[in-house]
Amino acid sequence: MHDPGDFFVKFWGVRGSIASADPGTARYGGNTSSLEVRCGGRLLLFDGGTGLRYLGRELSMNGPVDADMFLTHTHFDHIAGIPFFGPFFNPRNKFRVHAGHLLPAMTVKHALCDLMMAPLFPVPPEIFGASMEFHDFHAGETLQLSNEIRIRTAPLNHPNGATGYRIEWDGKSICYCTDTEHTPGKPDPNILDLISGADVFIYDCMYTDDEYPCHVGWGHSTWQEGVRLADAAKVKTFVVFHHDPDHNDEFMDGVQAELDKVRPGSVVAREGLVVRP
Ligand SMILES: [Zn+2]
Ligand SMILES: [Zn+2]
């Protein structure tokens, strides 16, 4: 069981855009966005990419699950694991699924029904046996999960919208900001405000500053911009996330080596990594 006094984030999927089964990406991992956060005895899931299936396997081995899932947005790489998340099929489990980028035109329940719809998928979400609640909010709102757990949110700059999260508990904080694109030379004020003084800052680092000019408007940022934001907001630990599927392990080793020089203590996310604020 998990110590209710513990607060950590564990990475189950760190890849952006599409999963990579290439052996060259095996060390950092090929699964798309999926994070497990334990906080004050509660289980929080962030995004439902392909990494979620493996988290589900582990959760299924340990008793009933009662958890909140927060989606940054509903692009495929962040929800592809949802139809394959074992705990959703167990009637003993309870989930609340939250999203902040869809109102007023859409709801998260509707978006997931559209994902699991013939002929794209053989069974609808009604197949889930767990108790499922869906909660839409507007990015920018603060979600009070319990007396002790507060989740601040902010809108991110991404096609179709996305939500950045800051989980606060016991005077500590973890921020999760993906997918988002920066404007060179102009740090995103929404992000700076959200991550101010944070202990852990996980950021969309799909590209390098050198690669970025070929990807303007694609909705993603660079690890160098992440460093600039982390420095400006006085963040403690900066975490590089949402790796390009074309960036193999050697490439990511190179990013880590650069980080060791410019911002020691920063880390490139890999599957299985645990970070404590
Ligand atoms: Zn993505
Ligand atoms: Zn996206």
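Glu168 counts as buried, at 15% relative accessibility; buried means under 20% relative accessible area, exposed over 50%, and partly exposed in between, with a 1.4 Å probe and protein chains only. This is a predicted model, in which local features need pLDDT of at least 70, side-chain atom pairs count only at pLDDT 80 or more, and totals for chains, interfaces and linings use all residues. Residues are numbered from 1 along each chain as its sequence is written, chains are lettered from A and ligands numbered from 1 in the order in which they are written, and side-chain values use heavy atoms, with hydrogens and water left out.

**Glu168 and its surroundings**

- You'll find Glu168 in strand 9 (residues 162-169); helices (H or I, at least four residues) and strands (E, at least two) are DSSP runs, numbered from the N terminus.
- The side chain of Glu168 makes a polar contact of 2.8 Å with that of Arg150, and another of 2.7 Å with that of Arg166.
- A polar contact here is a pair of N or O atoms within 3.5 Å; within protein, one must be able to donate a hydrogen and the other to accept it, and residues adjacent in sequence count only if both atoms are side-chain atoms.
- Skip the neighbours within four places in sequence, and Glu168 is in contact (heavy atoms within 4.5 Å) with Glu148, Ile149, Arg150, Arg152 and Ser173.

**The zinc ion (ligand 2)**

- His73 (NE2), His75 (ND1), His158 (NE2) and Asp179 (OD) coordinate the zinc ion (ligand 2), at 2.1 to 2.7 Å.
- Donors are N, O and S atoms within 2.8 Å of the metal (3.2 Å for Na, K and Ca); water is not among the atoms, so sites may look incomplete.
- The arrangement around the zinc ion (ligand 2) is irregular because its four donor atoms subtend angles of 90 to 172°.
- To count as tetrahedral, four donors need all angles between 85 and 135 degrees; four count as square planar and six as octahedral if opposite donors are over 155 degrees apart and all others between 65 and 115; anything else is irregular.
- Along the sequence, the donor residues of the zinc ion (ligand 2) follow the spacing H-x1-H-x82-H-x20-D.
- His73 sits in the loop between strand 4 (66-71) and strand 5 (94-99), and Asp179 in the loop between strand 10 (172-177) and helix 3 (189-195), so this pair ties together parts that are 106 residues apart in sequence.
- His73 is buried, with a relative accessible area of 0%, and Asp179 is buried too, at 1%.

**The zinc ion (ligand 1)**

- Here the protein donors are Asp77 (OD), His78 (NE2), Asp179 (OD) and His242 (NE2), lying 2.1 to 2.2 Å from the zinc ion (ligand 1).
- Angles of 89 to 163° between the four donor atoms make the arrangement around the zinc ion (ligand 1) irregular.
- Asp179 coordinates both the zinc ion (ligand 1) and the zinc ion (ligand 2), which are 3.7 Å apart.
- Asp77 lies in the loop between strand 4 and strand 5, and His242 in the loop between strand 12 (237-241) and helix 5 (249-262), so that pair ties together parts that are 165 residues apart in sequence.
- Asp77 is buried at 8% relative accessible area, and His242 is buried at 0%.

- The peptide bond from Thr178 to Asp179 is cis, with omega near -5°.
- Another cis peptide bond joins Ala118 and Pro119, with omega about 0°; Pro119 lies in the loop between helix 2 (108-115) and strand 6 (131-136).
- Asp47 isn't a glycine, yet its phi is positive, near 65°; Asp47 is found in the loop between strand 3 (42-46) and helix 1 (52-60) and is buried, at 0%.
- Asn160 isn't a glycine either, and has a positive phi of about 75°; Asn160 is in the loop between strand 8 (150-156) and strand 9 and is exposed, at 60%.
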